[in-house]
Amino acid sequence: MANHERTVVLIKPDALQRALVGEIIKRFEQKGLKIVALKLMRLGDAILNEHYGHHKEKPFFPKLKAFMMQAPVVAMILEGIDAITVVRSIAGKTSGREADMGTIRGDFSMSTQANIVHSSDSKETAEAEIKRFFKEEDILDYTHGNYNFVYGEEERG
Ligand code: CMP
């Protein structure tokens with residue numbers, strides 16, 4: 001049985017300000033990932049302390065939080081086989097300067113902080129982030145018209 005997963009992507013304030021939202025969503029859609037939730041939201045202190053809790057002791061933590069509060073973010077849940085790994089490879093390495101061309105960060109970022117997108121890094125993180133950013137009713141399941149063409153019969157299960 002193929003590993004169908006859901007993962008969270010945040011399109012960060014730098015991408016919003018640089019009018020890159022459409023371009024980024026387009027890349028995920030064209031890959032064949034299914035959007036099951038999508039919304040614009042402002043992140044406050046509490047949710048950022050939770051989301052970036054593992055970076056609390058890092059020197060860049062206060063500036064990272066201020067950066068994430070500069071403008072709204074687009075939060076979405078993407079679904080697909082091995083979606084967590086696939087989305088992380090589309091995003092590229094954390095630093096835009098090190099990320100390969102062809103990845104979102106490689107193509108659009110020159111920064112480690114202003115790196116355009118965030119994506120869940122494991123199954124456990126994805127589950128926690130889905131609960132952190134979305135209510136049950138934000139998540140809409142539906143049959144995607146391209147499903148039979150995005151995957152082979154074996155993968156569809
Ligand atoms: P993200 O994938 O959201 O996970 C943690 C974020 O912290 C990362 O993307 C960057 O935006 C930011 N970050 C990581 N390392 C640094 C750093 N050295 N300096 C500034 N920001 C960083």
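Welcome to a predicted model, where local features need pLDDT of at least 70, side-chain atom pairs count only at pLDDT 80 or more, and totals for chains, interfaces and linings use all residues. Residues are numbered from 1 along each chain as its sequence is written, and side-chain values use heavy atoms, with hydrogens and water left out.

**Around the ligand**

**Polar atoms facing the ligand**
- From Gln 113, a backbone N or O atom lies 2.9 Å from a ligand oxygen atom.
- Asn 115 brings a polar side-chain atom to 3.1 Å from an oxygen atom of the ligand.
- For His 118, a side-chain N or O atom is 3.0 Å from an oxygen atom of the ligand.
- The ligand taken alone exposes 460 Å², and the protein buries 78% of that (Shrake-Rupley method, 1.4 Å probe).

**An aromatic pair**
- One aromatic pair turns up in a search of the whole structure (ring centres within 6.5 Å).
- The ring centres of Tyr 147 and Tyr 151 are 5.5 Å apart and their planes stand at 65 degrees, so the pair is edge-to-face (planes over 60 degrees apart; under 30 is stacked and the rest tilted).
- Tyr 151 is buried at 14% relative accessible area, while Tyr 147 is partly exposed at 27% (buried is under 20%, exposed over 50%, partly exposed in between; 1.4 Å probe, protein chains only).

Definitions and conventions
A polar contact is a pair of N or O atoms within 3.5 Å; within protein, one must be able to donate a hydrogen and the other to accept it, and residues adjacent in sequence count only if both atoms are side-chain atoms. Rings of Phe, Tyr and Trp (its six-membered ring) pair if their centres lie within 6.5 Å; planes under 30 degrees apart count as stacked, over 60 as edge-to-face and the rest as tilted.
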